[in-house]
Amino acid sequence: MSNPILPLTGGPGAGPSSASIYSTDGRSHSTDWSALGANVGMGEGRSRGLPLVLRRLTKFRSMDFELAFWQLTYLVVAPRRVYKQTYHHKQTKNQWARDDPAMLLLIAGCLAVTATIWSLLYRFTPLQTIFLILKMVFRDFLLFSLGISLVLYLISNKLLLSSSSQQSSMIDENKVEFAYSFDVSVNSFFPFFLTVYVGLLPLVALVVRDNWICLWVGNTIFLIASVQYIYVTYLGYVALPFIARSELLLSPLLPLFGGYLLSLLGFNNAKFTLEFYFGQAWK
């Protein structure tokens with residue numbers, strides 16, 4: 001029987017007072033505070049986590065691009081629905097993280113197309129275009145996502161676990177998988193990518209002008225993208241039934257809005273980013 005695509009209903013037993021989208025089933029769980037490598041390496045007789053995803057990068061026939069496409073769509077219009085799929089993963093594959101790299105390839109492909117368009121806009125040479133594609137895919141997307149994943153993996157397992165999960169710490173079912181943290185970072189990157197990398201394309205000649213309205217437009221684009229990133233990240237962790245105090249993940253919103261208001265006094269974020277990225281804002 002084929003797996004359902006993006007089920008619209010949550011897991012069993014979810015209640016309004018629960019700190020996550022899904023509630024637990026009443027069983028006692030515990031956490032094994034093992035090293036980070038244990039979550040991304042291979043277990044005895046089976047492989048899980050990031051290495052499994054990487055090994056499947058060349059197995060295109062086994063990838064579900066249709067599911068990945070619909071997940072990317074819902075990340076923009078209804079991101080909460082994407083994380084309802086995590087309960088299905090746990091029930092069928094005994095892990096919260098995806099084991100299908102289709103979404104990675106789709107986002108990388110989108111970045112490659114976008115980098116090519118930016119290169120045409122700035123009249124880059126073919127070699128410069130290739131370098132820009134590699135920079136967007138490997139630095140902006142993969143390296144940044146891995147860095148954020150590591151930070152949130154450590155924070156979530158140290159600060160966000162529920163009290164019952166912390167007291168029973170011998171089973172790793174009640175701890176955040178590093179591969180799942182990476183999934184969340186990948187999910188959060190896509191709306192940010194659409195808002196900044198794609199959204200700035202038709203507005204590039206406008207946001208670099210030296211007037212306050214253009215400054216406001218450019219800075220607001222970055223504000224919207226950052227709020228999207230934080231919110232989708234928050235939804236990813238609140239979806240886990242053993243996560244408490246997930247509201248801490250929304251705390252960056254306060255300095256974000258504060259920095260946005262200060263930037264309106266004269267700092268053009270869009271112009272600065274374009275100059276840093278391409279060597280010039282726009283001519």
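Phe182 is found in helix α9. Helices here are DSSP runs of H or I with at least four residues, numbered from the N terminus. At 5% relative accessibility, Phe182 counts as buried. Buried means under 20% relative accessible area, exposed means over 50%, and partly exposed lies in between (1.4 Å probe, protein chains only). Phe182 and Arg98 are 84 residues apart in sequence, yet their C-alpha atoms lie 9.6 Å apart in space.

This is a predicted model: local features need pLDDT of at least 70, side-chain atom pairs count only at pLDDT 80 or more, and totals for chains, interfaces and linings use all residues. Residues are numbered from 1 along each chain as its sequence is written, and side-chain values use heavy atoms, with hydrogens and water left out.

Stay in α9 for Ser181. Ser181 is buried, with a relative accessible area of 0%. Beyond its neighbours within four places in sequence, Ser181 is in contact with Ser149, Leu152, Tyr153, Val176 and Tyr237. Contact means heavy atoms within 4.5 Å.

Now step back to the core. The largest nonpolar core has 61 residues. Such a core is a set of buried Ala, Val, Leu, Ile, Met, Phe, Trp, Tyr and Cys residues joined through side-chain atoms within 4.5 Å. Ile107, Leu111, Trp118, Tyr180 and Tyr197 have the most contacts inside this core. The elements that give two or more residues to it are α3, α4 (79-83), α6, α7, α9, α10 (204-207), α11 (212-238) and α13 (269-278). Helix α9 gives the most, with 11 residues. Leaving aside neighbours within four places in sequence, Tyr197 is in contact with Leu111, Thr114, Trp118, Met136, Asp140, Phe189, Phe192 and Tyr277.

Two helix pairs come next. Two packed helices are described by the angle between their axes and the distance between the axes. Axes are lines fitted to C-alpha atoms, for helices over the stretch in contact, and angles run from 0 to 180 degrees between N-to-C directions.

Helix α3 (residues 65-77) packs on helix α9 (residues 178-198) at about 65°, with the axes 9 Å apart. The two are therefore roughly perpendicular to each other. Angles of 65 to 115 degrees count as roughly perpendicular, under 35 as roughly parallel, over 145 as roughly antiparallel, and the rest as oblique. From α3, the contact uses Leu72, Leu75 and Val76; from α9, it uses Asn187, Phe190, Pro191 and Leu194. By class, that makes six nonpolar, one polar and no charged residues. Ala, Val, Leu, Ile, Met, Phe, Trp, Tyr, Cys and Pro count as nonpolar, Asp, Glu, Lys and Arg as charged, and the others, Gly among them, as polar.

Helix α6 (residues 102-121) and helix α7 (residues 126-160) pack at about 140°, with axes 9 Å apart. These helices are therefore oblique to each other. Residues in their contact include Leu104, Ile107, Leu111 and Trp118 of α6, and Leu132, Met136 and Phe141 of α7. The contact divides into 13 nonpolar, three polar and no charged residues.

Finally, look at the loops. Most residues other than glycine have a negative phi. Arg123 has a positive phi, near 55°. Arg123 sits in the loop between α6 and α7 and is exposed, with a relative accessible area of 72%. Arg245 also has a positive phi, of about 55°. Its place is in the loop between α11 and α12 (253-263). Arg245 is partly exposed, with a relative accessible area of 35%.
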